[in-house]
Amino acid sequence: MKKTLFLLAVLAMLCCCRERGKFCITGNITDAADTMLYLEHLTLERGAVPVDSMRLGADGTFCFRREPAGNPEFYRLRIGRQCINLGIDSTETVRVTASLDSMSFGYRTEGSGVCDTMRLLCLRLADMERRARSISADRNYTLQERDSMIDALVRQYKSEVKTDFMHNRYAAAYSYFACFQTIGGRLVFNPMLDRSDLTWMRAVANAWAEHYPGCQRTENICNIVEECRKNLREPREIVLDLDGEKVRELGIIDMTFPDINGEEKTLSSLRGQVVLLDFMAFTMEGSTERTLLLRELYNKYHDRGLEIYQVSLDPSEHLWKQRCEALPWVSVYCEDGLESDMLKLYSVGHLPCYFLIDRNCDLQARQENIPDIEKAIEKLL
């Protein structure tokens, strides 16, 4: 009887979802009674934006309906930190089944080859991340050896994704999705530094320009490709030109940039804490290991008064938002990128580059003059 009632509930939900001109995401998540399930749109401007939600009942069935965008778009189902990524490119009906305890990677989809392929991509990436974390935690290797081993894992993953998923399927939503996967806050595909990655991303951009001309995602990836082509063809040079009039009485050159929520964050507002001011770009080689090391420092010293003010100079604000979403420190975005006056004012000639600022808001040291970052932090704390 219970099984019959469950099937009837599922059929009723499916019938409810079949509304002309709309796509439908339906299914059930077991062991999730009385939890809130959110449907979030993965936007370019604001990241994950909730567009619908419902409290799950005992059987875990759900159904969401939305108007299609006219081009492939990306959504996710989320309960807490458990997420399922989905690609929607028509008025299809996608059925998702999962258990709450293994929702992110143990789910199944029906009715959409795109969603199932995205599931396989996420599984492969998760496997690579597990292996990378294992390497990062193994102190039998030097920092350089660990970073080299992780880079080798990333190169192998990219090679498999290119041949198994993207080749001759550049217009597919999952090919676009693969271009923006990350590991440890770092792009897997790094067109800023890798010409091979740029070639594949350009193929996706061209295919989207042909199949989905004028849509926001097409313009986004085409702009990224064009910017990266310029950077690889004509590397920018930072001209040092220190403007003394901009140096504040604080002992630092103050700055204000927006965080991921659009809230303006000013460096001097952190007076009273020891601050690691970090100029960086997530697209640069080695950023994965570097982010992990910063997490160790932050976790160890934050309760004693350490804060990180991280200035991203990445070429795309959307890419930066994807990388910094889970970071616990102050992460801000400088839209001027490598043309920012702050690089000149701080005499930054390379990236990444960090500075230490004491509790009185005085600049104490820069990266080149800090032989041991932990000892320098301990001294200022």
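Tutor: Before we start, a helix here is a DSSP run of H or I with at least four residues, and a strand is a run of E with at least two; both are numbered from the N terminus. Note also that this is a predicted model.

Student: Let us take helix α3. How many residues does helix α3 have, and what span does it reach?

Tutor: Helix α3 covers residues 143–166, which is 24 residues. From its first C-alpha to its last it reaches 32 Å, close to the 34 Å expected at 1.5 Å a residue.

Student: Which residues of α3 are buried?

Tutor: The general idea comes first. An α-helix has 3.6 residues a turn, so residues three or four places apart point the same way. In this structure, the buried residues of α3 include Arg146, Ile150, Leu153, Tyr157, Val161 and Phe165. What the buried residues of α3 pack against includes α2 (113–137), α5 (195–211) and α7 (287–301).

Student: Where is the peptide bond that is cis?

Tutor: The bond from Leu351 to Pro352 is cis, with omega near -5°. Pro352 belongs to the loop between α9 (341–345) and β16 (353–357). Ser347 is found in that loop between α9 and β16, and has a positive phi of about 55°.

Student: Now the strands. In which sense does β7 pair with β1, parallel or antiparallel?

Tutor: Strands of a sheet pair through backbone hydrogen bonds, either parallel or antiparallel. Strand β1 (residues 23–30) and β7 pair in the parallel sense over 7 bridges, and Ile25 stands opposite Val94 in β7. With strand β8 (residues 108–110), β7 pairs in the antiparallel sense over 3 bridges; there Arg95 has Glu110 as its bridge partner.

Student: What is the order of the open sheet of 4 strands?

Tutor: The order is β3-β2-β5-β6, with antiparallel pairing. β3 (47–55) and β6 (82–88) are at the edges with a single partner strand each, so one side of each is left without a neighbour in the sheet. The twist averages 25° from one strand to the next.

Student: Last, salt bridges. How many does a search of the whole structure find?

Tutor: Side chains of opposite charge can pair when their charged atoms come close. The search finds 20 salt bridges. In one of them, the side chains of Asp164 and Arg124 meet at 3.0 Å, N to O. Asp164 lies in helix α3 and Arg124 in helix α2, so the pair ties together parts that are 40 residues apart in sequence.

Student: Is Lys158, the salt-bridge partner of Asp194, buried or exposed?

Tutor: Lys158 is buried, because its relative accessible area is 8% and the cut-off for buried is under 20%. Asp194, at 26%, is partly exposed. The closest N and O atoms of Asp194 and Lys158 are 3.4 Å apart. The pair links distant parts of the chain, with Asp194 in the loop between β10 and α5 and Lys158 in helix α3, 36 residues apart.

How values were computed:
Residues are numbered from 1 along each chain as its sequence is written. This is a predicted model: local features need pLDDT of at least 70, side-chain atom pairs count only at pLDDT 80 or more; totals for chains, interfaces and linings use all residues. Side-chain values use heavy atoms; hydrogens and water are left out. Two strands pair if DSSP finds at least two bridges between them. The expected span of a helix is 1.5 Å times one less than its number of residues. Buried means under 20% relative accessible area, exposed over 50%, partly exposed in between (1.4 Å probe, protein chains only). Contact means heavy atoms within 4.5 Å. Axes are lines fitted to C-alpha atoms, for helices over the stretch in contact, and angles run from 0 to 180 degrees between N-to-C directions. A salt bridge is a side-chain nitrogen of Lys or Arg within 4 Å of a carboxyl oxygen of Asp or Glu.
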